[in-house]
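Please have a look at it first, and then I will go through it step by step.

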Number of protein chains: 6
Amino acid sequence: MRPSKRQPGELRRVSFERAVSMHAEGSCLIKFGNTHVLCTASLEERIPPWLKGQGRGWVTAEYGMLPRATTDRTRREASVGHQSGRTQEIQRLIGRALRAVVDLPKLGERQISIDCDVIQADGGTRTAAITGAWVALHDCIQWMKLRDMVKDGVLRDHVAAISCGLYNGTPVLDLDYLEDSNADADSNFVMTGAGGIVEVQGTAETTAFSQESFDALMALARKGIAELVELQKLTVA
Amino acid sequence: MRPSKRQPGELRRVSFERAVSMHAEGSCLIKFGNTHVLCTASLEERIPPWLKGQGRGWVTAEYGMLPRATTDRTRREASVGHQSGRTQEIQRLIGRALRAVVDLPKLGERQISIDCDVIQADGGTRTAAITGAWVALHDCIQWMKLRDMVKDGVLRDHVAAISCGLYNGTPVLDLDYLEDSNADADSNFVMTGAGGIVEVQGTAETTAFSQESFDALMALARKGIAELVELQKLTVA
Amino acid sequence: MRPSKRQPGELRRVSFERAVSMHAEGSCLIKFGNTHVLCTASLEERIPPWLKGQGRGWVTAEYGMLPRATTDRTRREASVGHQSGRTQEIQRLIGRALRAVVDLPKLGERQISIDCDVIQADGGTRTAAITGAWVALHDCIQWMKLRDMVKDGVLRDHVAAISCGLYNGTPVLDLDYLEDSNADADSNFVMTGAGGIVEVQGTAETTAFSQESFDALMALARKGIAELVELQKLTVA
Amino acid sequence: MRPSKRQPGELRRVSFERAVSMHAEGSCLIKFGNTHVLCTASLEERIPPWLKGQGRGWVTAEYGMLPRATTDRTRREASVGHQSGRTQEIQRLIGRALRAVVDLPKLGERQISIDCDVIQADGGTRTAAITGAWVALHDCIQWMKLRDMVKDGVLRDHVAAISCGLYNGTPVLDLDYLEDSNADADSNFVMTGAGGIVEVQGTAETTAFSQESFDALMALARKGIAELVELQKLTVA
Amino acid sequence: MRPSKRQPGELRRVSFERAVSMHAEGSCLIKFGNTHVLCTASLEERIPPWLKGQGRGWVTAEYGMLPRATTDRTRREASVGHQSGRTQEIQRLIGRALRAVVDLPKLGERQISIDCDVIQADGGTRTAAITGAWVALHDCIQWMKLRDMVKDGVLRDHVAAISCGLYNGTPVLDLDYLEDSNADADSNFVMTGAGGIVEVQGTAETTAFSQESFDALMALARKGIAELVELQKLTVA
Amino acid sequence: MRPSKRQPGELRRVSFERAVSMHAEGSCLIKFGNTHVLCTASLEERIPPWLKGQGRGWVTAEYGMLPRATTDRTRREASVGHQSGRTQEIQRLIGRALRAVVDLPKLGERQISIDCDVIQADGGTRTAAITGAWVALHDCIQWMKLRDMVKDGVLRDHVAAISCGLYNGTPVLDLDYLEDSNADADSNFVMTGAGGIVEVQGTAETTAFSQESFDALMALARKGIAELVELQKLTVA
């Protein structure tokens with residue numbers, strides 16, 4: 001049995017709160033149980049220098065964690081003087097995940113910057129971030145549509161993410177921190193509403209895992225992401 | 001008349017929400033109108049090297065702002081690679097303000113780190129931070145008392161802060177962003193529950209102000225801080 | 001047909017040159033076609049602070065690229081002042097891959113640092129790095145055995161890595177730079193000699209890929225890694 | 001009695017030496033007793049990017065301390081790799097103080113950079129810096145007038161600064177290092193020649209101070225600054 | 001007798017391997033015995049900002065060392081976050097040495113960046129770097145000539161470098177690491193094919209050396225550099 | 001004829017002012033004409049980690065330049081965030097020069113840190129720094145002797161430095177900025193009171209120079225340094 005008492009294929013309670021920021025063009029406070037991530041989308045009338053003149057826009061993401069989002073206080077990256085390798089890895093992942101469902105030429109020569117800040121962490125912060133960021137991005141694009149800045153079709157599909165792992169040999173969905181610390185494998189999946197695979201990250205630091213285990217994790221993830229996409233649809237309906 | 005339609009000596013709606021973090025020993029989400037600051041207090045069994053062996057504790061603070069807490073997106077300091085002069089100035093101020101009401105020897109050789117993170121900014125973030133940080137600090141010390149780690153008297157008094165300025169020549173209390181941008185002087189006051197002055201910062205970048213104006217600002221601040229202290233008392237009662 | 005004229009499941013010409021460094025305890029210059037990576041293993045009688053007193057050793061890795069390893073000159077990271085997110089991502093991957101096949105308690109309280117420096121790049125530098133790093137690590141452990149510093153069983157298995165992608169819709173193995181630039185998906189697989197999965201990284205920046213495609217890529221990778229492991233065996237025989 | 005044997009309201013011996021730099025457009029070596037600060041004004045035909053096209057100039061300041069200006073050697077900030085929070089706080093203060101008496105539109109689209117470098121420190125470096133910087137700024141503007149670059153009225157007034165504190169309960173003026181280390185409150189005042197308040201900074205780290213004490217400190221400061229302004233007038237006469 | 005068993009005026013075995021990089025416009029792997037340095041020349045259609053509009057080109061150099069090029073592993077500068085003083089000193093030296101034999105106006109408004117990366121170090125890395133960099137530079141200029149980008153005369157002469165020292169009181173040429181560690185003086189000479197002196201660096205950290213010794217070292221260097229220039233001629237013939 | 005109207009072998013007016021710092025154990029303001037360098041010696045009861053337990057002391061140096069020491073304002077290195085390659089080169093040179101005349105074992109396990117800060121620059125700052133630093137070092141060692149911390153013989157000899165160059169083909173001594181900008185070669189010499197060579201740095205960026213020229217420069221330097229050593233003797237007599 002899982003420490004969280006959840007069934008192997010059961011998500012934590014997931015909630016989305018929209019329009020939580022008075023300034024951002026789109027925003028969402030997403031909760032995967034005790035993991036809370038504030039996602040904002042900022043429209044900027046500029047693009048990275050290497051994109052100039054190509055008639056395409058860009059979506060990028062940054063990720064941060066408040067110092068006491070964690071069990072023990074973590075040093076503030078602004079004070080350390082650089083973002084850790086982990087932070088950079090996660091924010092690159094979020095950006096790629098979102099770009100996979102955006103029609104960049106239709107966005108025009110603009111950038112949408114997504115900020116995902118972990119207010120409280122209990123495992124699965126990157127998957128919650130991606131899932132909530134989609135809502136913030138959606139609302140930012142709506143904001144643009146209302147102002148006739150873009151036409152339909154900029155956002156091509158949903159995208160959501162979930163973690164899976166082997167806990168005491170059993171494949172389980174959406175690990176919280178306690179489960180994650182004792183799991184044999186750590187994997188994260190990002191998929192679209194149509195079920196396409198956007199990103200797969202499976203890591204076995206202590207023991208390698210078998211093809212069968214991996215396939216089971218992916219099947220669980222597919223089911224969990226489908227549920228998340230349904231919740232996104234309800235949220236923005 | 002003020003853009004906020006408030007009377008010259010009227011605070012914004014102030015609210016305190018305690019215990020908002022599952023991890024921190026003390027926490028408070030404070031709101032001064034649309035300015036929202038999350039304050040957490042983290043107990044750490046270590047002290048700065050230069051304090052070792054003196055039988056005293058320490059209280060320190062860090063300040064941050066989410067990138068889209070502001071009207072336009074601000075660059076993330078972790079990504080820029082250092083904390084701005086403004087950030088350092090504010091976090092030094094918060095730390096001094098709190099230490100003024102803590103009996104450091106009674107705290108023992110431990111450090112309490114206060115993190116003040118601005119979730120949404122609309123003027124007065126530093127004063128909201130100090131006022132909310134006191135509640136987080138209070139609750140952290142309560143947490144220690146319940147575990148017999150400290151005796152009574154660690155926290156000697158309340159401390160709270162407010163800004164004042166001259167708006168169209170009239171002294172006004174607790175400026176929001178719009179008022180602040182058009183005011184002739186920017187001043188921040190930190191005082192204790194007993195009315196002692198902890199910190200005074202008055203700045204006139206464009207025009208110097210008279211002694212009379214300064215005295216009027218301080219009188220307003222004294223009144224506003226007394227109200228904030230009453231609210232703190234209700235909050236932790 | 002692939003630009004490289006290779007069959008879909010065909011590796012580039014792979015070669016291993018051992019003992020290329022007069023100083024390192026183990027070293028290997030590995031070539032995957034025109035991708036050349038110099039891997040050295042350095043034995044250090046120290047471990048990371050957080051590991052002290054646990055009776056276990058550590059294996060870590062760093063990755064670098066000579067400025068003109070690439071088609072156009074890349075700025076030197078030492079001159080820029082930090083390692084890029086990509087560099088950190090890759091060196092963390094190499095470290096995890098190697099630790100998956102090392103019995104850390106048997107290593108004793110020591111660290112082996114693997115440096116993978118790309119002398120010339122033509123796609124697949126991270127997979128060549130992992131595959132060559134295993135040989136350097138193997139030779140370093142042999143060096144220790146000859147000096148009775150460790151017993152048998154420190155190195156539990158082989159580990160190797162390869163990239164796969166969809167080129168014009170066809171799954172292909174071991175992409176060179178030209179193929180990689182035009183492929184629809186980028187995926188890297190790390191597996192052990194016994195066929196266990198250590199790391200899976202699949203990324204679709206432009207279009208999501210189907211479950212069938214992903215399974216086909218993984219099957220190709222499994223085959224390619226088995227060939228690389230055979231070559232490793234010949235090399236250290 | 002004060003360690004310096006001065007009366008409560010007595011300044012240290014103050015001297016100004018002009019034109020001490022062969023290169024700078026204006027310069028002043030100011031001494032407040034054993035505190036010696038070299039102030040230079042550099043005219044630059046450029047302005048900060050955010051000011052462009054507004055027809056206004058800018059005055060900015062930087063502050064530094066030679067490593068052995070202090071009792072014990074302080075680490076060189078250039079070697080540490082960043083300016084401390086204290087340094088940034090002081091240089092921002094100096095800049096604001098000077099801008100309060102400059103008519104920026106009359107300066108034209110140019111920047112005057114003031115460098116205040118502490119050659120020897122014995123308390124009150126920031127107040128000496130501001131007081132001496134005004135002379136350097138004055139001479140720089142004279143230099144410009146002689147070349148018909150500006151008309152009259154760029155420099156609208158004098159500005160000077162002094163510290164005050166409570167020493168054994170008595171308000172005293174212009175604390176040296178020894179007095180400062182044992183005072184109960186640390187406050188700095190910046191005022192114009194006309195007596196306008198430009199900046200007030202009062203800090204009570206250990207005990208809060210009363211309104212009466214604060215008023216007494218400000219009265220002392222007002223008197224001291226008036227004396228400094230008289231000395232500035234004699235200097236540039 | 002020298003530890004290397006060489007005669008006082010005898011160079012180590014020197015070899016040059018050209019065109020070792022598939023990407024660089026010119027490249028050379030030079031070996032002075034066990035010291036191996038990879039030199040690449042990269043043509044860039046840009047020049048430093050301060051050179052713009054002067055109709056002249058620029059040659060610059062960067063120097064690096066693989067972490068395990070040395071007896072004990074050296075920390076990677078990209079990970080430390082800056083280039084050491086030694087690295088900067090060497091790369092400035094290499095750049096000056098090469099510019100002394102290039103007709104910069106004839107190069108046109110372009111920059112050639114030379115990267116010298118030490119693959120294995122056994123003393124004399126900077127002199128090997130300069131000597132090999134000349135070959136890379138030569139080949140880069142040939143590459144440009146073949147494309148009619150420059151005319152004859154860009155490269156005015158050869159340049160090469162060697163170290164000398166006093167070993168047990170005897171002047172010796174081209175010290176390896178073991179000899180260098182025990183020598184009384186460390187000196188490096190850079191000269192042209194015509195025998196002109198480009199750079200002299202003599203350093204006596206423990207004991208000052210006499211005029212006679214210095215003259216003897218310079219005579220040895222002159223002879224050694226003449227031999228290196230002959231080898232360069234054979235290499236590019 | 002030289003722009004300075006000096007004879008080829010004539011030094012600028014040189015002056016030494018001792019004990020200019022109230023805090024430092026030794027200090028000297030040296031002037032080579034309009035080049036003014038403040039040198040302080042700080043005794044520290046610590047040594048670099050790598051020297052511990054060897055019964056020897058250390059002498060190290062840091063070099064800095066006030067921003068407006070130069071004709072045009074130079075950016076402050078503390079604000080830029082690092083010391084330039086030039087700064088590091090110079091401070092390493094000063095340290096080596098001083099260590100060449102100190103008996104480090106007789107100093108005991110202590111460090112003397114020399115700070116050389118250029119107050120005003122007009123060419124030759126590094127040679128003035130070395131020459132003045134010797135006086136500061138001398139006085140620091142005297143300070144120690146008076147407190148019975150060291151015995152005689154710590155300081156074994158004088159050390160001084162001077163620049164030479166070819167101006168219109170004529171070898172000249174002690175170049176000021178204007179001469180230096182137009183000279184064909186830049187060379188710096190450091191020698192002891194006994195005439196031993198400590199450091200030779202000759203650089204020809206535009207044209208290589210002949211053996212005869214170099215020998216002439218060194219002869220001039222020998223004469224100039226002998227004069228500087230005489231002045232040092234008078235200063236500390």
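Predicted model: local features only at pLDDT ≥ 70, side-chain atom pairs only at ≥ 80, totals over all residues.

Taken along the principal axes, the box that the C-alpha atoms of chain A fill is roughly 55 × 40 × 30 Å. Of the 237 residues in chain A, 63% are buried, while the chain exposes about 9000 Å², with carbon and sulfur atoms supplying 50% of that area.

Now to how two of the chains are arranged. If we turn chain D by 180 degrees, with a shift of 0.0 Å along the axis, it can be laid on chain B with an RMSD of 0.0 Å, and the two copies are thus related as by a two-fold rotation axis. The C-alpha in chain D that is nearest this axis belongs to Gln201(D), and it sits 2.4 Å from the axis.

Where these two chains meet, 30 residues of chain D are in contact with 30 residues of chain B. The size of an interface is often given as the accessible area lost when the parts come together. Between chain D and chain B the area buried is about 2500 Å², of which 44% comes from carbon and sulfur atoms. Of the interface residues of chain D, 100% are also interface residues in chain B, so the copies meet through the same surface. Two salt bridges are found across this interface, and Glu89(D) forms a salt bridge with Arg92(B), with the closest N and O atoms 2.8 Å apart.

Side chains of opposite charge can pair when their charged atoms come close. Over all chains, the structure holds 120 salt bridges, and I have picked out a few of them.

In one, the side chains of Arg68(A) and Glu25(B) meet at 2.7 Å, N to O. Arg68(A) lies in the loop between strand S4 and helix H1 of chain A, and Glu25(B) in the loop between strand S1 and strand S2 of chain B, so this pair joins two chains; both residues are buried.

Another salt bridge, between Lys223(C) and Glu227(C), has an N to O distance of 2.9 Å. Both residues lie in helix H6 of chain C, four residues apart, which is about one turn of the helix. Lys223(C) is partly exposed, with a relative accessible area of 38%, and Glu227(C) is partly exposed as well, at 33%.

In chain E, the closest N and O atoms of the salt bridge between Arg18(E) and Asp139(E) are 2.8 Å apart. Arg18(E) lies in strand S1 and Asp139(E) in helix H4, so the pair ties together parts that are 121 residues apart in sequence. Arg18(E) is partly exposed, with a relative accessible area of 33%, whereas Asp139(E) is buried, at 11%.

Finally, back in chain A, salt bridges that share partners join Arg2(A), Arg6(A), Arg12(A), Asp122(A), Asp174(A) and Glu179(A) into one network.

Methods. Residues numbered from 1 in each chain as written. Chains lettered and ligands numbered in written order. Heavy atoms only, no water. Least-squares fit on C-alpha atoms with pLDDT ≥ 70 in both. Contact = heavy atoms within 4.5 Å. Salt bridge = Lys/Arg side-chain N within 4 Å of Asp/Glu carboxyl O. Buried < 20%, exposed > 50% of the residue type's maximum accessible area, 1.4 Å probe, protein only. Areas by Shrake-Rupley, 256 points an atom, 1.4 Å probe, with all protein chains shown as cover. Buried area = accessible area lost by both parts, 1.4 Å probe.
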